Amino acid sequence: MEETTSVRRKPTIRDVAAAAGVSRGTVSRVINGGHWVSPDARAAVDDAIRRTGYTANHAARSLATGRAGSLAFLLTEPQHLLFDDPTFALLLRGAAGALAQRSMTLVLLVAGTPAERANVAHFVSAGHVDGVLLISSHEADPLVEALLEAGVPTVCCGIPLGHDAQVPTVSVDEEGSAREMTRYLLGRGHRRIAMIAGPHDTPGGRYRLVGFRDEMGEHFDQALVEEGDYSQESGAAAMTRLLERSGRIDAVFAASDLMAAGAIAAIRKAGLRVPDDIAVAGFDDSGLAATHEPPLTTMRQPWDRLSDEMVALLLEVIAGADPKPITLPTTLVVRASA
């Protein structure tokens, strides 16, 4: 008689949820030793774990030995952006301070390539950290799905496109902030207003453009929209393209201060003045805006509050809560550039 062998797929949290007849969130709360789970649901999940053979190291460690006492600060961007973009350093500093007050450790993880994403998914799923502060996310990012599948408590900075109903979030009012800046520029008498948007697969790139477009109304011109990657170089390249094809431009709203600085460099290279010929506004107020020449008009994000709220929210998730998303306000800061 011929013997056949097959490789059995490792059970996932989704398999456990299906076997128990509960949501993945309920399974995650059970395997992370949290509260807010009914005795019947807990019993169903425990039974499903035994029947499916789900044996994630993270779950075993949490149930048997307690917490790791650390959280991961996970940046899903190329490594150089951690140093080039001041917004990430501000969030990192704030998160480290918030955890130090709680006698916990912050673990910095950068996953900008597929190989790095796979390594990070394995690391956090093995229980080396109690949860993940996801600092950047892109639409259809397989790492987000991997974190959900492994039942790793996760909180995202900004709305994770495609997973907004599954991951607790702390974000600023992207659309409302863009509308406020656009109203300010319109109120200054500008009508030919261009926008340098962020990447369309990021929440800031998508929703800031929506706010700008909606507030511009009949004055919106798709030909006055370019996309960058939040870097200064991309801002300069986008502004150069706008100047080459769009004729007269009154003002430019860039979705980051770095892109606004790049736009100013391109405007000056073209022999024009800021703000006399073209007004320029940014987004973030991460330090660059105040020291730039001219100082940048921008939307200030509440950096300390973002970090504090993310840490507090993640600890709630780890404890088993099912918290609502948190949206924080921004502040219009008027300086010399617009």
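Modeller: Helices are DSSP runs of H or I with at least four residues and strands are runs of E with at least two, both numbered from the N terminus. This is a predicted model, in which local features need pLDDT of at least 70, side-chain atom pairs count only at pLDDT 80 or more, and totals for chains, interfaces and linings use all residues. Residues are numbered from 1 along each chain as its sequence is written, and side-chain values use heavy atoms, without hydrogens and water.

Biologist: In which loop does proline 294 lie?

Modeller: Proline 294 is joined to glutamate 293 by a cis peptide bond, with omega about 0°. Most peptide bonds are trans. Proline 294 belongs to the loop between helix H13 (288–291) and strand S10 (298–300).

Biologist: Where is proline 275 found?

Modeller: The peptide bond from valine 274 to proline 275 is also cis, with omega near 5°. Proline 275 is in the loop between helix H12 (257–269) and S9.

Biologist: Is aspartate 284 buried or exposed?

Modeller: Aspartate 284 sits in the loop between S9 and H13. Its phi is positive too, near 135°. Its relative accessibility is 7%, so aspartate 284 counts as buried.

Biologist: Which strands are the edge strands of the six-strand sheet?

Modeller: This open sheet has parallel pairing and the order S2-S1-S3-S4-S5-S11; two strands pair if DSSP finds at least two bridges between them. Each edge strand pairs on one side only, and these strands are S2 (105–110) and S11 (326–328).

Biologist: What is the bridge partner of valine 172 in S11?

Modeller: Strand S5 (residues 169–172) pairs with S11 in the parallel sense over three bridges. In S11, valine 172 has as its bridge partner leucine 328.

Biologist: What angle does the direction of helix H7 make with that of S2?

Modeller: Helix H7 (residues 114–125) packs on this sheet, touching strand S1 (70–75), S2 and strand S3 (131–134). Contact means heavy atoms within 4.5 Å. The direction of H7 makes with that of S2 an angle of about 155°.

Biologist: Which residue of S8 is the bridge partner of isoleucine 196?

Modeller: A four-strand open sheet runs in the order S7-S6-S8-S9 with parallel pairing. Within this sheet, strand S6 (residues 193–197) and strand S8 (residues 251–254) pair in the parallel sense over four bridges. In S8, the bridge partner of isoleucine 196 is alanine 254.

Biologist: What angle does the direction of H10 make with that of S6?

Modeller: Helix H11 (residues 232–246) lies across S6, S7 and S8 and runs at about 150° to S7. H10 packs on the sheet and touches S6, S7 and S8. With S6, the direction of H10 makes an angle of about 170°.

Biologist: At what angle do the axes of H9 and H10 cross?

Modeller: Axes are lines fitted to C-alpha atoms, for helices over the stretch in contact, and angles between N-to-C directions run from 0 to 180 degrees. The axes of helix H9 (residues 174–187) and helix H10 (residues 203–216) come within 7 Å and cross at roughly 40°.

Key
Buried < 20%, exposed > 50% of the residue type's maximum accessible area, 1.4 Å probe, protein only.
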